[in-house]
Amino acid sequence: MAPPPPPLAASTPLLHGEFGSYPARGPRYALTLTSQALHIQRLRPKPEARPRGGLVPLAEVSGCCTLRSRSPSDSAAYFCIYTYPRGRLGGRRRATRTFRADGAATYEENRAEAQRWAVALTCLLRGLPLPGDGEITPDLLPRPPRLLLLVNPFGGRGLAWQWCKNYVLPMISEAGLSFNLIQTERQNHARELVQGLRLSEWDGIVTVSGDGLLYEVLNGLLDRSDWEEAVKMPVGILPCGSGNALAGAVNQHGGFEPALGLDLLLNCSLLLCRGGGHPLDLLSVTLASGSRCFSFLSVAWGFVSDVDIQSERFRALGSVRFTLGTMLGLATLHTYRGRLSYLPATVEPSSPTPAHGLPRAKSELTLTPDPVPPMAHSPLHRSVSDLPLPLPQPALVSPGSPEPLPILSLNGGGPELAGEWGGAGDAPLSPDPLLSSPPGSPKAALLSPVAKGPPVIPPSSGLPPPTPDAQVSASTCGPPDHLLPPLGSPLPPDWVTLEEDFVLMLAISPSHLGADMVAAPHARFDDGLVHLCWVRSGISRTALLRLFLAMERGSHFSLGCPQLGYAAARAFRLEPLTPRGVLTVDGEQVEYGPLQAQMHPGLGTLLTGPPGCPGREP
């Protein structure tokens, strides 16, 4: 077996060629593709001294396709790319660039050239190797990864479904990803679904909501009897909720600047389109009753959990609820007596310092599954998919765009350029089926309209039968907690114990506590550590507010606050000595009482896209 080709420098040209433009026929462009960007130089009517839009970073590209004219007399083929550059005001906007491959006399030759560029660009986007000296053909592309999208339609002040329909579905269709989408209908619906999911039919599960829906998915996977295989299923998150902490960490890992709202969603969608995963640490949490759950985010007690739960009444306000909850929490600041014990990390990280971005990932798992035989999928209750939709698809218009955008067909194929995009006498373009339908893609089948009443899911759908109003039991599966003695038993001598009056105690796994709150700036998805932060009593309201304001930049540890403490640990035990209080795991309230937890390094896999350069964004 030949060794893989050495990595290419960012400026090394991979492809170079001359193309015409569309819809205008006059201009000619020289295109150069490198591993990091597509360079565009106008050749005619005259080269630009300062070309506008002459550099398209691949970090801004969602996908590409080849198109052909509907006019039989047009022998040209067309190469279209879909980009989301930042506008002058900072927000992303959708833009397309279409180039005309017309250097050969026949359509077949021009199509081969357009496909060569589309395949090369797709390989770069998905992290697939390009042959050193071999021919670039569609055979290099595996079948599209098949994703199960779970949407909480009530997330993000009820905007989750609209954002999913208007932004997420078009973008992943541009990327050529295959998907099915289900709207969750109640609490723990996602957990029930994944507990009986036929995992061989899917290559990833992506939640379109806040952090709570992913909590259900991960605990559902670990509730299965085959949890050791199930937990390997890559999971992803597209932020459409009020709490988007993990998405904030994914955004930073991808090298993007901090973002909120729609900008954060577009950033994370771009990273999802690129594919690639990263090991994800999961924290096993044992509660006072002996029940166990798994956390990807945080365990909180005191001020943070009080704000999280008490702000639920302001959920309609979206993320503003946390700001309002913080103000109310400061006005009624409480302290809690408790005992915190922890097993220190073998190699303690250096004292936390502000960081502009996360370190580069140690490894990357490209989401390119082995081909499986095509299978028929029955319609899913309250679902849509990349198969033809029985719903009208209006033209999508990006904010601030002065002209209509191409109509997107959500059928796994490339977008179709509507007639108004053509110049005078131009025939509209349609997708080239040879590239837009790779071998192994599922065959088209119409979905039935949304049904009313209880869902009826046939066995061939790969989904479990519904369990109406089921109460989710404690997890009895998952890895053993070999570092933890039984709750209530004495701890080993190598543990450290603090008994204090606390304002808050936070155990966090990734870097972010919220989309704009960097609680552990040095944390990584797979560092194998739980980062313990606490604030002792004696802190003033002003100093506590200053800490949380500094947390937006990850600089709170540099304030020198004497009440702020930190430790990196592999396991911990928390024993509240105050009779009343609130405990949360990943923002979900759990029973109040003693708990203990152990970190399981790299137990899960998170779809993160490729790592970016910390602190830099194209």
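**Chatting through the predicted model: buried residues, cores and rings**

Me: Let's start with His-189: buried or exposed?
Reply: His-189 counts as buried, at 8% relative accessibility. Buried means under 20% relative accessible area, exposed means over 50%, and partly exposed is in between, with a 1.4 Å probe and protein chains only.

Me: Before we go on, what are the ground rules here?
Reply: This is a predicted model, so local features need pLDDT of at least 70 and side-chain atom pairs count only at pLDDT 80 or more, while totals for chains, interfaces and linings use all residues. Residues are numbered from 1 along each chain as its sequence is written, and side-chain values use heavy atoms, with hydrogens and water left out.

Me: Thanks. Where does His-189 sit?
Reply: His-189 is in helix α3, residues 189–195. Helices (H or I, at least four residues) and strands (E, at least two) are DSSP runs, numbered from the N terminus.

Me: And what is His-189 in contact with, away from its sequence neighbours?
Reply: Leaving aside neighbours within four places in sequence, His-189 is in contact with Gln-183, Thr-184 and Glu-216. Contact here means heavy atoms within 4.5 Å.

Me: Which backbone atom does the His-189 side chain reach?
Reply: The backbone nitrogen of Glu-185, at 2.9 Å. For a polar contact, a pair of N or O atoms must lie within 3.5 Å; within protein, one must be able to donate a hydrogen and the other to accept it, and residues adjacent in sequence count only if both atoms are side-chain atoms.

Me: How far apart are His-189 and Gly-220?
Reply: They are 31 residues apart in sequence and 9.8 Å apart in space, C-alpha to C-alpha.

Me: How does α8 do?
Reply: Seven of the eight residues of α8 (residues 303–310) are buried, so α8 is also largely enclosed by the rest of the structure. The buried ones include Phe-303, Asp-306 and Asp-308.

Me: Switching to the cores. Which residues touch the most other members in the largest one?
Reply: Leu-150 and Phe-572, out of 94 residues in the largest nonpolar core. A nonpolar core is a set of buried Ala, Val, Leu, Ile, Met, Phe, Trp, Tyr and Cys residues joined through side-chain atoms within 4.5 Å. Helix α7 (residues 261–274) gives the largest share of this core, eight residues.

Me: Which domains does that core lie between?
Reply: Domain 2 (146–275) and domain 3 (293–346 + 480–602) both give residues to this core, so it lies between them. The domain bounds come from an automatic or database domain assignment. There is also a second, separate core of 30 residues, with Phe-79 and Leu-130 among its members.

Me: How many aromatic pairs turn up?
Reply: A search of the whole structure finds ten. Rings of Phe, Tyr and Trp (its six-membered ring) pair if their centres lie within 6.5 Å; planes under 30 degrees apart count as stacked, over 60 as edge-to-face and the rest as tilted.
Phe-19 and Phe-79 make a tilted pair, 6.5 Å centre to centre with 45° between the planes. Phe-19 lies in strand β1 (residues 15–21) and Phe-79 in strand β6 (residues 77–83), so the pair ties together parts 60 residues apart in sequence. Both Phe-19 and Phe-79 are buried.

Me: And the Trp-301 and Tyr-336 rings, what's their geometry?
Reply: Their centres are 5.7 Å apart and their planes at 50°, so this pair is tilted. Trp-301 is in strand β14 (residues 298–302) and Tyr-336 in strand β15 (residues 336–344), so the pair ties together parts 35 residues apart in sequence. Trp-301 is buried at 1% relative accessible area, and Tyr-336 is buried at 7%.

Me: Last one: which residues do ring pairs link into a cluster?
Reply: Phe-19, Phe-79 and Trp-117.
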